[in-house]
Structure formats: structure tokens, C-alpha cells
Amino acid sequence: MTLTQLWGAFFIFLICPILGALPLIHWLTLTLKGQDLTKLGTGNVSVSAAFYHSGTVVGILAVLSEAAKGIAAVVVTRQFFPQEPVWELIALMALVMGRYVKAQGAGTTNVVWGIVAHDPIVAGFIALIGGVGFTIVRDRVIGRNTILVLMPLMIAAFHPDDYSRIVGAIVLSGLLFTIYYKIPDDLDLPNNQGNTKIFKFFRGDRGIFSLDDKLQAHKVGQKAATLSQLKRWGYPVPQGWVLPAGDDPAPLIDLASPSEQNPLIVRSSAIGEDTKASSAAGQYQSVSHITNKEALQDGILQCQASYNYATAAQYRRLQQQQDSAMAVLVQQQIRGEFSGVAFSRDPVNQIQDAVVIEALPGEAAQVVSGEKTPEQYRVIYHNGTPEIEGEGNVPTSVLEDVAGLARELEDRFHGLPQDIEWTFDGETLWLLQSRPITNLQPIWTRKIAAEVIPGVIRPLTWSINRPLTCQVWGNLFKICLGDRAKDLNFNQTATLHYSRAYFNATLLGEIFQRMGLPPESLEFLTRGAKLSRPSLFATVGNLPGLARLSLRELRLNKEFAADKESLFLPTLQQLQNQSIQLFSPQALLTRIEMILNALQTATYYNILAPISFSLRQNLLQVSDQQLNYNHLPEVASSHELAQIAREARNLVPTEQMEDMSAPSLFATLAELPDGESILEQFQDWLGRYGYLSEAATDIAVPRWQENPSPARSLFAQFFFHDGTQPSEASWNQSSAGWKQNAVQKRLDLKAETAEIYNRLLAHLRWSFLALEQIWLDNGLLAESGDIFFLKLSEVRQLIKDDDPQLREQIPYRLRERRFQFSEDEKMTIVPYVVYGNPPQQSAVSWNNQKRFLSSQKRWEGIGASSGQATGRIKVIPNLSEPIDVNQDTIVVVPYTDAGWGVLLARAGGLISEVGGRLSHGAIIAREYGVPAVMNIPNAIVTFQDGQLVKIDGATGVVELLEN
């Protein structure tokens, strides 16, 4: 490199950023207008901000000042590198970075004029093609992005052999694209806040938008955007036009031409109105029955003025909305014979599957304005058949059509309950409006949640599991989304309804869409809909987040090994060595906090390891038959117990076995010469797997070590029915390919994390039981199990502060919580989806819905273990009683945890209310070749013992053959 080139590098990498950072526009506006742009509008010190806030003259001077920077950077650089034009583009990049970092501008003007100096011919073609395109499209964002694409394309066209210059142009365009999406634009500010005459063309305003156009909510409001979408979908929406905020209404008034034969209605379409978060119902003025141009102009002005009403402004403040702008919607007014509103879901009574309709003869305005008391109807669906409640003048056929339309629109909007306004003119059912029902949000789903924390949950369990789960999921989503996660409240990821766990489907759907997943993500969570492939653009946009998550995934084994040695094993060893019967409450709390600290890290691995395993298995196309599941606790415990049972069979004479029963098995073994060895093996097995239970994630559920009766019963099942053998896995480490090894590593990690996680939870339970015994002895608690009806914060407060007032309240709190838990426990019908925060409904009310489930003959869930089986139903709600199943039994369970594995190994088929392919039950079923169907809601009340069914574990279909 020559000395001249060294000086050139100095100019590019030091002088150009300083040149870009020079706040010339700030000095101009401050000197000529006394304005500080950093405190106005978006806070950007840009050319558009100068035009907007300081007028045309200052704006032109701002253009000249920034154009001079771009030209100077290119011209001076050329003196240092006359034969290497790519350095001119690099100089522009340095200039732009200085402009963005220090002077709060995008550097568009610098680059435009810099390219003119760099290559006037290329600049001319870019201007010609881009200008023609923008004139046709009239969309600023599309026009801007088109220029960014044209720049490297034109340089490549005119300089095809100069690869470095082409790459430089691509990088420069990419830099500008990134900056555009990081800073707000003053062109987006409301028209009434600045000097906007110069913006009319560059804003992309056409003056008149039709509902036949594809409209964007951030420009014309959600109401108009939704109606345009519905109209383009083919729904009967009255013809209409939209006047963006600040545009001249004259062209629209001339086009609409209201008359007595063609009456119009003016409606608001404010930014922030009719959204998921706020409806703004009744806040802005509508003007109907407009029959002449003067009335239309007056109606538009009235509607616009209503945006500044005190009540509307207060509403926006309460909704934490910023003042923005309001477009005006002008539509043909339909002369309706019957009109009204409909909710696709009952916002008050969620027990029945109902659409709520309020209607009256005449036009819709009298219903929504509250001028008259409407007729009220409920259309209740029983297995798809509508039944109408309520009496009035509206024909049954119209009510059925309205209810069908409401449900159809809910489906269109991916399961989001809709509030629609409609009118019927005698021939056509017209759709006037559709918006989300705000008080039916968020939507809560049992999907996934019911398997993570199954069953009826006590307060202590929830107060521990919820923050652990929410924090881990929140951290994972933050890794993927980065800055896009700032406004998301991950503490709202889960909640309890009816003492059962629900995940926030609205929040998760929003997260999934921000991650670039398809829009039907919400339906996937609430209805089990299939997901389509994400778009390539969305995938590319999320590459940085996916790359960060991929790095975590690649380091997972290494990080786990380090945490295992430094945290998990020492903690478990210390817990195992402690004799907690002698501990004081303070010592027990210290032990509990130690476990919770380890659980915080263990939860991360317990969530991420199964996800990593599933992703690897799907991406690398490795089948279950190619993997070894023997290390999973649910599989290992089944195998070992079956082996002990086989050895026990060899000790008992065949004739003696015929007279034996399950209860007498252990007594018989104790009397045999070698029976003591079998009993010792069983006790050793219990020592290894005694931390398991039917719901290991629920610390309120006893472990096998405390109550070995279920384990004894399952041992007897293996003893008396020795036909079940696990399938032989074809996986062999020495002969396995790299794909199998890569997936197997994650499967083994999943097994290790599950064991550590469940062992920690078992020790946590035993710690609380020891604390409960102390409080039972001193009278703070009255009966066994009380401690699980306290919350973790209350336990901490009772030990640390010894609060007398809290001690007095404890009996009342426990009584109230026990009562509510008892009521919730009686529910046999548990809603799969809950909308908003509904009032507590009695178990009797929900259980009355059972009769509507019995008429169904076919169900479709998730196929989790291939194969077909026909057999008799055996409903098993829990493992508290001895259970006898065989190869002709199709067991129906509420959920499957590691503790269910031994039972499922004996069955002919499995139906589970919740779960998927990675569920404990699904893994066991595949291991033993048992067909399994997961995710059949309310299965334990839908099916009855003795029914003959056929299940297909590949397609997920269950058919009822005989009652």
C-alpha cells in the first residue's frame, strides 16, 4: 500500500464518519428557525424533519448541505484511489455510519448525491426507473426499497466485471435498509403537526382509497383495513372509500356523489381503533343518512373533529395510546330490514358453545347507539347443530346466517373471537364491521400446558412452577427476538383457570408471528390446526435470532456437562446426605432455596433439550426405530421392573401361580427361599426410581418412594402377564451414522435432564413435607396436605418474618383455597380453550355439557405411535388404585408422566387427553409397539369402560365401533 493510499484510508475511516456526524441540519434549523429537531417529532435530525418542522427553505438548505457531504466524500476518495471505485462506496458507508450514530439521520441524501458523483449514468437510470415505479405504485416504503434494490442491480449491469464494486453496492444498500427500519420517519407523523405541502407526493397519498384496495392499518386505521380485507375475500361489504388523515376531501366528495337514492354514512377509522387491544367503541362520531355533497363535507368534518373530543382523548390515555391520526371511512348506507351486532363467543357465559346476537328491525345504528333495547338471542352449537334461544321478530334463518358468519369470520382471523356489525336488506346479509372482542383476550389454551403441569394444581406447586417456566420461555424468546421482545410481558405466559394450567395463546401467537412463523400459529395453539411453512422473507428476517439460538443449541451438551459437575451433582449429593427430620424451619427454607436455585438452571435444560431433540430428529430425518430410548426414566424403569418380574416368575411353580392374586404376590415371594432376592431387587428399583410419580412436575403428588402401592401393582401386572417385551432398538453406536449420533446425543441429554429435574422436585416435595410436619405439630396447620395450599411467598414470609397477622389469616386462606380446589377437582369437563378472564363457573355447570359429547363417533388427535389396535376402553383417571390391563385394553388417560410408563407398557393401545409425539406415554408406546393417539380433549369423560374402539396411531384417528 502506497503512502497516498494510507492517507486515503485515513480519510475514509476517520474523516468521513466525522463529516457524516457534522450536525449541519441541526445548526441550520437552530440558527434560522430557533428549533431543536432532537426535541420535535421523531427526534431525528434529518432532511425530512427539516422540511416537516422548519419549512421549505430550510429543507432545501438541508438537502444542499447533506448533498455536499456525499459528493465531497466520493470526489476526495477518488483522488486517493483513482483505479478502485469500490473505495468511493466504502467512503459513503463510513459517511452514513457517522450520520446515523451521531447526527440521528439515515444518510439517504448523502448516498443519493454520492452515487450521482460516483457514476452519473447509473444514478440517472436508478432515478428514471425508480421515479416511474413510484409514480405508478405511490407507496413510499415500496419505492424506497425499490431504489435500494436498483442500486446494486444497475451497478452490476454497467460494471459486470467489477465484483468488488457490486459487493460494495450490495453492502451499502443493506446498511441503508437496516437503518431505515431502526429509526422512525417524520413522513409518518400526522399532517396537522407540521408543514406538509412538500410531502403530498412523497408520502404516497392518492387522496382516495377504495375498500377494493389493499389497505394498511397504520395508514388508514384497522377498521378500514379489515373491511378492505373482508371485501377482497368476497364478503358482502358495502362499497366505500377512505380519506387518509390530512388529505383533501374534495375528490372523494365528487366521486361518492351522495343522493336520496344513494345515501352515505361517514364513519371513523382511527389509528388504534378496532384493534386487539382496544375497540374505541362509541368514542368517535358517525354521521348517517347523508344525501348531498354539503352534508358529506360536514359529516367528514364532524367525524374528524370527534378525534379531539375530551372523552376520546381520555379513552386513548386510559388505553395508553399515543395521539396519532384518524382516517375517515365513507360507505354506501344499506337500508336494512333487520340489523344488529353479534359476538362469535359469549363474553359472559363460556360454558356453552354459543354466538350472542342482539338485533332489531331496521338499521344497525339504533342497536349500536343504544337508542333502543335490542332483542337478544343465543345460537348454541351442539356438535355443529345450531339451537336458538330467545324470541323476537328476527327470522330464524337470518339468525342462523348471522351466527354462521360470525363463526366463519372467527375462523378467518385464526380463532380470534369477533364482534361483527351486520344488516339484512331482505336479500343480502351485509357485513358492516368486524373487530376482535377485546374482553375475550387473552386466549388461554390447555395445549402443551396440560402436559407440562398436568392435573388439578395446588397453589404451592403453581407459585413455584409458573415463574420457573415463564422465565425460561421468556429468555428463549428474547434470544430469538432480540429488541422485538421489549414490549412483551413473559410473566403472562401461563395462568390457572379452574385450578388447571393454561398457556397464553394470544401472547405465544404474537411471539410466533414475530419470529416469522405462519399466521395460523394461534389456531395451532387453540385448535390444533396444522402449521404451514414460514415464508422465506420471514425466515431471512429472523436469521440473527435463529443464529443466536442455534449457538445455544450447539453448546447445550457442553454447558450441561459443566452445570452437572458444578451444580446438579453436588446439590443432589448434599440433599441426599441431609437428615431433614431434624431441621428447623429456617434450615428447611435454606434447603428449599438451594433446590430452587438448581431448579432454575435445570428447567432451562428440561425445556430446551426436548426442543433440541425434536428439531434434530425432524431436520435430520432420523426415525424412532433408529434411536435408543433406554436411558429415559420412563423407559428404563419399565424395562428393569419387567426384568425383575420375569426373574420372579422363574421362582414360582406354575401350579402355585394359578392360585395367586396380585395382593398375595409379595407375601408369597417373601416365603420362597430365593424370594428375598427378588424383594431386595424391587426395593433397589424403588430406590432408583422412587422419585417418580404419576405427575412428577407436581410436588403435591406423592412419589413412589412414599407410596409404593402403584409400583407394586404394576410389578404384579408384569408378573402375571409376561407377554409384553420392549421393541428392539436398531441403534448401535459403533455402526450409527453422524445423523443418528447427533440426534441420540440430544435424546440422552433429554433423559439426563429429566432425571435431574424430577429428582430435584422430589427433594423439594420432601422438604415441604418436613416443614409441614413442624407446622402441624405447633398448630399453624391443621391437616396433612395444608402446606400445598400455601404459596411460596407465604411460606417465606412465615419463616422469615413470623408475621402474626399472616398467621391469623392462614386458616381462612386454607379453607377458601381447599374449597375452591375441591370444586375444581369435581370438574369432569375441562374447557380446552378459555377466553379472557371468565368468572368462576361451578363444576356442575361444566359437567352438564357431558351429554353433548356422547353422540360423537370419530375423533382426530395426534398420532404418536404407529399401528392400529381394536379393543375395549379402560378409563384410568389416576394411578391411585390397582389397575388390570392387557393387550385387548385401550387405556384412556388424562395425561402421561414418567410414572405412567410401566402401566402403558401393558396396554394394547393408548388414548390421552393431552400430549404429543414427545410425551412420556408416546415414547413408552413406541418402545413397546403400542399404538397411541394423543390430544383428544375430555377423553376420560367422553369414553366409557367397555366401549369397543379402533385407534390408528399413525393418523391419530379414534373410531367408536360399539357402545
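Student: Which residue meets Asp419 in a salt bridge?

Tutor: This is a predicted model. Asp419 lies in strand S10 (residues 418-424), and its partner lies in strand S11 (residues 429-436), 16 residues apart. The side chains meet at 3.2 Å, N to O, and the partner is Arg435.

Student: Is Asp419 buried or exposed?

Tutor: The cut-off for burial is under 20% relative accessible area. Asp419 has 12% relative accessibility, so Asp419 counts as buried.

Student: Which residue forms a salt bridge with Arg688?

Tutor: Arg688 belongs to helix H29 (residues 675-689), and the pair links distant parts of the chain, the partner being in helix H26 (residues 633-651). Arg688 is partly exposed at 38% relative accessibility. The closest N and O atoms are 2.6 Å apart, and the partner is Glu640.

Student: How is the pair of Phe560 and Phe568 classed: stacked, edge-to-face or tilted?

Tutor: A pair of aromatic rings is described by the distance of the centres and the angle of the planes. Planes under 30 degrees apart count as stacked and over 60 as edge-to-face. The centres of Phe560 and Phe568 are 5.9 Å apart and the planes are at 40°, so the pair is tilted.

Student: The charged end of which residue sits over the ring of Trp233?

Tutor: A charge counts as over a ring only if, among other conditions, the atom is within 6 Å of the ring centre. Here the charged end sits 4.5 Å from the centre of the Trp233 ring, and the residue is Arg412.

Note on methods
Residues are numbered from 1 along each chain as its sequence is written. This is a predicted model: local features need pLDDT of at least 70, side-chain atom pairs count only at pLDDT 80 or more; totals for chains, interfaces and linings use all residues. Side-chain values use heavy atoms; hydrogens and water are left out. Rings of Phe, Tyr and Trp (its six-membered ring) pair if their centres lie within 6.5 Å; planes under 30 degrees apart count as stacked, over 60 as edge-to-face and the rest as tilted. A charge sits over a ring if NZ of Lys or CZ of Arg is within 6 Å of the ring centre and within 35 degrees of the ring normal. A salt bridge is a side-chain nitrogen of Lys or Arg within 4 Å of a carboxyl oxygen of Asp or Glu. Helices (H or I, at least four residues) and strands (E, at least two) are DSSP runs, numbered from the N terminus. Buried means under 20% relative accessible area, exposed over 50%, partly exposed in between (1.4 Å probe, protein chains only).
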